[in-house]
Every structure is written in C-alpha cells, then in structure tokens.
Amino acid sequence: MDTYDLLVIGSGPSGQRAAVSAVKRGKRVALVEMRSVVGGVCVNTGTIPSKTMREAVLHLSGYNYRSIYGMNYRVKEKITMSDLAFRVQHVIKTEIDVTEAQLSRNGVEVLNGIASFVDPHTIRIDGMRGSGTYKAENIIIAVGTKPASSPKVPINGKTIVNSDQVLELPELPKTLIVVGGGVIGVEYTCMFAALGVRVTLIEKRPRLLEFADQEIVEALSYHLRDSRVTMRLAEEVESVEELPDGTVVANLESKKRVSGDALLYAVGRQGNVDELNLAAAGIEADRRGRIPVDKDFRTRVPNIFAVGDVIGFPSLASVSMEQGRIAVARVYGDENEQSNPSFYPYGIYTIPEISFIGKTEEQLTEEDVPYEVGVAYYREIARGQIRGDTTGRLKLIFHRETREILGIHIIGEGAAELVHIGQAVMTLHGKVDYFIDTVFNYPTLAECYKAAAFNGINRLARFE
C-alpha cells in the first residue's frame with residue numbers, strides 16, 4: 001500500500017493548486033483523477049469550453065462589429081456546431097498539456113481512477129489498470145460538480161441536453177429552450193442568441209442573477225430582449241416531452257407550452273460525490289452533494305478538507321484555486337496565508353460581459369450605508385466607439401463621507417479585465433479621488449474609471 005503525506009481527489013483548479021502548494025512545502029503528494037485527462041470540469045466540460053465557445057461565437061458572428069458594419073455583418077455566413085467545437089477542442093487540448101506539464105514539473109503523482117473512502121486515512125482507486133489502496137495523513141476533496149438532473153426533464157444528449165453536452169448538439173437549432181436563469185443558463189442564452197437562434201429562457205425566480213446589481217441585470221435583460229430572447233420569469237417547468245417530429249415541448253406549471261428544436265437544462269449543479277463513499281470517512285453531504293466545511297475548509301473529520309465547487313457558492317474557478325492554496329496552509333498549521341472573500345471579483349461571461357466586486361446598491365441600502373454612485377458609459381469613451389461597443393457602462397459606488405470605494409459594477413466587453421483596476425484600489429482601501437488624480441492611457445476603457453469618478457463627485461458637490 002502506497003503512503004503519501006497528502007492525497008488530493010480531483011484535478012480541477014482547486015485540486016491542482018492544493019497539490020502543487022503541498023509539494024512546495026516538501027510533501028509527497030498524489031492527485032487522483034477519474035478522467036483519463038487532468039483539468040476536471042473546468043478544463044474539459046465547463047469554464048474553458050464555454051468561454052472558448054463564446055469567443056468563437058463573437059468572432060464568427062461578427063457580433064462586436066455590427067454597430068459599425070451593420071446588423072447583417074458576419075465573418076462566416078453559415079455557422080455550424082462543428083465550427084464552434086473545432087476551436088474549443090484546440091483550447092482544451094492545450095490547457096490539458098499545460099496542466100500535465102505543471103503537475104509533472106512539480107513532482108505531483110497523478111493516479112487515474114475513481115476514488116472511494118475505505119476509512120478517514122485510506123482510499124481505494126478503481127481504474128482501467130485495476131484497483132489499489134492508498135493511505136495518506138491528510139486528504140483534500142476537490143471533486144467539483146456535475147449538472148443537476150430532474151425527473152421532469154429526460155436528458156437524451158441530442159435534443160435535450162445539459163450544460164456538459166452543449167457541443168454535442170448535432171446541429172445549430174433554429175429555436176432553443178433554456179431552463180435556468182443562473183450564470184450557466186444566461187451565458188449560453190447569450191451565445192445562441194448572438195448566433196441568431198430564437199431562445200426562450202425559463203427561470204423560476206422573478207429576476208435573473210439575483211446576486212448581481214439590479215441595474216446591471218436590467219441592462220443585460222434589455223440586451224437579451226433586443227437579441228429576440230423571450231424571457232419567462234417566475235415560471236417553472238412541469239414536464240418536458242419529445243414530439244414525433246423531433247422537436248421539444250416544455251410544459252409550464254402556468255399551463256403555458258413552449259416549443260423548440262432543442263432544450264438546454266441548466267438548473268444548478270450537484271456535488272460529484274456519489275462514488276466517494278463519504279460515510280466510510282464519517283462525512284455527510286447535503287441533498288445537493290455539497291460538503292460542509294469550516295472557515296479553514298476542514299470537514300467534520302479533522303484530517304479531511306474540501307475545496308472548490310463541491311463546497312458550494314461562489315463556485316468560481318478563481319476562488320477554487322485560492323481555496324486549494326489556503327486549505328493546504330491550514331493542513332500544515334500555517335495561519336499566515338490569508339485571503340479576503342469580500343475582495344473576490346465575479347466574472348459572468350454573458351454577451352455583453354458582466355463583472356463586479358464589492359457591494360451592490362441593494363445591499364448597501366439594506367445596511368443603511370450612505371453611498372453615492374458615479375457612472376461612465378462606453379459610448380462617451382473614445383475606446384468604446386473604436387471597439388464598436390457603445391452599450392457598456394461602468395458604475396462606481398463609494399461612501400458619501402469617507403469616499404472609500406464600496407463596489408464596482410461593469411457591463412460591456414472587457415468587463416472581467418477592467419474590474420481588476422478597481423479591485424486593486426478597493427483592496428488598498430483607496431478613495432474615489434484616486435481615479436480623479438490618476439492619468440489613464442488614451443484611448444482605453446480604463447478611462448471609464450475617471451469619468452465615473454467625476455460623475456460621482458459632481459453629485460456630491462451639489463450638497464456641499
């Protein structure tokens with residue numbers, strides 16, 4: 001029986017970071033991966049494929065340049081699913097190679113197979129080459145998630161698919177039903193709408209992306225409607241049926257019927273814990289397969305930790321990496337490694353892109369915090385005109401008295417990059433005046449910070 005200092009189950013962003021961090025501390029580490037390739041959901045079916053598909057959609061559809069060349073402008077007239085898949089597969093292969101090289105370079109041993117607990121220090125791995133039992137002083141669970149399923153929605157992998165199967169659609173549908181208005185559902189809705197697909201989006205909550213700033217979500221909703229997306233909010237699917245002609249019908253609880261060539265079911269994700277035999281380790285997951293942990297990512301069993309999407313919100317690859325790093329520090333009693341979740345940025349790769357950090361207006365109103373807002377519009381910034389994005393905006397929220405930055409909310413191309421300027425200022429407890437006193441390159445979208453700061457300060461001036 002092989003013995004390690006640390007066993008990490010799962011090779012996604014959190015598992016990779018945890019394994020490499022432990023090796024840097026001089027530990028003997030093995031990483032268990034059920035697939036034949038590393039990278040987990042992030043690289044193989046989730047983040048990387050969906051973001052690559054988005055880039056392919058934006059390029060081939062000419063979406064970003066329609067305001068300049070006209071609504072009928074396209075780089076490729078007839079776009080197929082294989083056009084999108086070609087670019088995706090290229091990026092996935094490269095990312096797998098990069099990950100394998102990183103693990104190999106750092107001396108992390110990769111064990112392929114399905115892991116299950118025998119006891120809190122022992123796991124069994126069943127792989128293509130047989131089975132083996134491995135022991136470790138500490139174990140980190142980083143198994144990620146899989147698409148949630150529902151008995152109401154019979155997934156067939158052809159016309160009724162989940163988010164892991166989108167690229168397996170045999171052809172680009174003319175009409176598509178998307179069930180679920182969370183991040184995944186809305187991102188794919190935007191992509192297909194940009195390709196000219198008529199999308200109907202069904203969401204049981206009264207608004208999309210409830211954790212985001214309401215003004216930004218309203219702006220996104222406007223863009224979705226402008227792209228001919230029909231939104232059925234506060235509606236729930238009762239059943240889904242395939243018709244003899246190959247089309248799909250979603251029957252709603254309100255007695256409405258929605259028809260489409262295909263249906264994407266994107267209602268949440270489930271912890272990937274079914275094969276782990278958690279009970280043998282003395283751990284229980286909740287009904288959605290999430291593993292409860294404390295602030296140090298320790299489970300109820302002292303030597304077992306859990307990180308990444310399997311512990312629930314926010315389920316971001318960037319945050320998962322940080323959780324892996326912090327968990328390893330805590331495994332070895334290191335309290336110096338720190339990370340502040342209130343400064344984590346969110347990137348939502350809709351069309352247009354959304355990114356934010358800090359508090360929303362709704363949260364600050366609820367907390368009775370006196371704040372002011374400054375807004376800059378891409379259409380008033382030279383770079384916005386040059387790029388052809390005249391619909392984006394950047395919103396700064398700052399404290400009326402201390403002038404400290406409380407939140408930054410952006411919608412528009414490049415939002416996920418642009419937010420990092422504000423993140424740096426927020427992390428260092430900077431004030432809105434920083435943006436007024438700073439010179440930005442011209443022409444850039446970064447100038448939005450200066451324009452928004454002046455807009456906000458001018459509002460304050462009326463009361464002085």
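Predicted model: local features only at pLDDT ≥ 70, side-chain atom pairs only at ≥ 80, totals over all residues.
Colleague: Let's start with the helices: in which hand of crossing, left-handed or right-handed, does α3 pass α6?

Modeller: The axes of α3 and α6 come within 9 Å and cross at roughly 20°. Angles under 35 degrees count as roughly parallel, so α3 is roughly parallel to α6. As for the hand, the crossing of α3 past α6 is left-handed.

Colleague: Thanks! Which residues of α6 make the contact with α3?

Modeller: From α3, the contact uses S50, K51, M53, R54, V57 and S61. By class, the residues of this α3 and α6 contact are six nonpolar, two polar and three charged. On the α6 side, the residues are E187, Y188, M191, F192 and A194.

Colleague: And α3 with α5: how are these helices oriented to each other?

Modeller: Helix α3 covers residues 47–61 and helix α5 residues 81–105, and their axes come within 9 Å. The axes cross at roughly 140°, and α3 passes α5 in a right-handed crossing. Only angles over 145 degrees would count as roughly antiparallel, and α3 and α5 are therefore oblique.

Colleague: How many nonpolar residues does the contact of α3 with α5 have?

Modeller: On α3, the contact includes I48, P49, M53 and V57, and on α5 it includes L84, V88, V91 and I92. The contact has two polar and four charged residues, and its nonpolar residues number 10.

Colleague: Turning to the second largest pocket, which residues lie nearest its centre?

Modeller: This pocket has a volume of about 670 Å³. The elements that give two or more residues to its lining are α4 (66–69), α6 (183–194) and α7 (214–226). Its lining divides into eight nonpolar, nine polar and seven charged residues. Of the 24 lining residues, those nearest the centre are Y63, R66, M71, D226 and S227.

Colleague: Now the backbone: which residue has a positive phi although it is not a glycine?

Modeller: Most residues other than glycine have a negative phi. The residue you want lies in the loop between β11 (230–233) and β12 (237–242). Its phi is about 55°, and the residue is A234.

Colleague: What is omega for the cis peptide bond that joins Y442 and P443?

Modeller: P443 sits in the loop between α12 (433–437) and α13 (447–461). Another cis peptide bond joins I351 and P352, with omega about 5°, and P352 is in the loop between β18 (346–348) and β19 (354–358). For Y442 and P443, omega is about 0°.

How values were computed. Residues numbered from 1 in each chain as written. Heavy atoms only, no water. 1 Å grid on protein atoms, 1.4 Å probe; cavity = no way out; pocket = protein on both sides within 12 Å on 5 of 7 lines; lining within 4 Å. Points joined across faces, edges and corners; volume = space filled by probe spheres on them. Helix = DSSP H or I, 4+ residues; strand = E, 2+ residues; numbered from the N terminus. Nonpolar A, V, L, I, M, F, W, Y, C, P; charged D, E, K, R; others polar. Axes fitted to C-alpha atoms, helices over the stretch in contact; angles between N-to-C directions. Parallel < 35°, antiparallel > 145°, perpendicular 65-115°, else oblique. Left-handed = near helix turned anticlockwise from the far one by under 90°. Contact = heavy atoms within 4.5 Å.
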